[in-house]
Amino acid sequence: MDTIECTTNPIAKVSIHAPSPSRDANEKMTETPESELMTVEEYFGILRKRVNEYYDNL
C-alpha cells in the first residue's frame, strides 16, 4: 500500500493509505461454503440473546 501524507497543516497530519493497483488485481475473492452460512433468523436470534444478556448484567 502506498502512503499519502497531507502536510499543509503540521498540527493535523493525516495519512491516507491508497490501495496498490497491482495488489488489487492479484487478489481473488473467496466465497464461504453454503454449509457455513447462517440464516437471517439465526443471526438476529444470536444478536437478540447477546443484547438481552448485556442489559441483564447492567
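Which helix is Tyr 55 found in? Helix H2, residues 40–56. Keep that residue in mind. One caveat: this is a predicted model.

Now the overall layout. The protein has 2 helices and 2 strands. Along the sequence, the pattern reads β-β-α-α. The chain comes to 58 residues, and buried residues make up 2% of them.

Next, the surface. There is a nonpolar patch of about 1,000 Å². Buried or exposed? Its relative accessibility is 55%, and the cut-off for exposed is over 50%, so Tyr 55 counts as exposed.

On to the rings. How many aromatic pairs are there? The count is 2. Tyr 43 and Phe 44 make one of them, edge-to-face, at 5.2 Å centre to centre with 80 degrees between the planes. Both partners are partly exposed: Tyr 43 has 45% relative accessibility, and Phe 44 has a relative accessible area of 40%. Tyr 54 and Tyr 55 also pair edge-to-face. For Tyr 54 and Tyr 55, the centres are 5.2 Å apart and the planes 80 degrees apart.

Definitions and conventions. Residues numbered from 1 in each chain as written. Predicted model: local features only at pLDDT ≥ 70, side-chain atom pairs only at ≥ 80, totals over all residues. Heavy atoms only, no water. Helix = DSSP H or I, 4+ residues; strand = E, 2+ residues; numbered from the N terminus. Buried < 20%, exposed > 50% of the residue type's maximum accessible area, 1.4 Å probe, protein only. Patch = residues over 30% accessible without salt bridge, like charges linked within 9 Å, V, L, I, M, F, W, Y side chains within 5 Å. Areas by Shrake-Rupley, 256 points an atom, 1.4 Å probe, with all protein chains shown as cover. Salt bridge = Lys/Arg side-chain N within 4 Å of Asp/Glu carboxyl O. Phe/Tyr/Trp six-rings, centres within 6.5 Å; stacked < 30°, edge-to-face > 60°.
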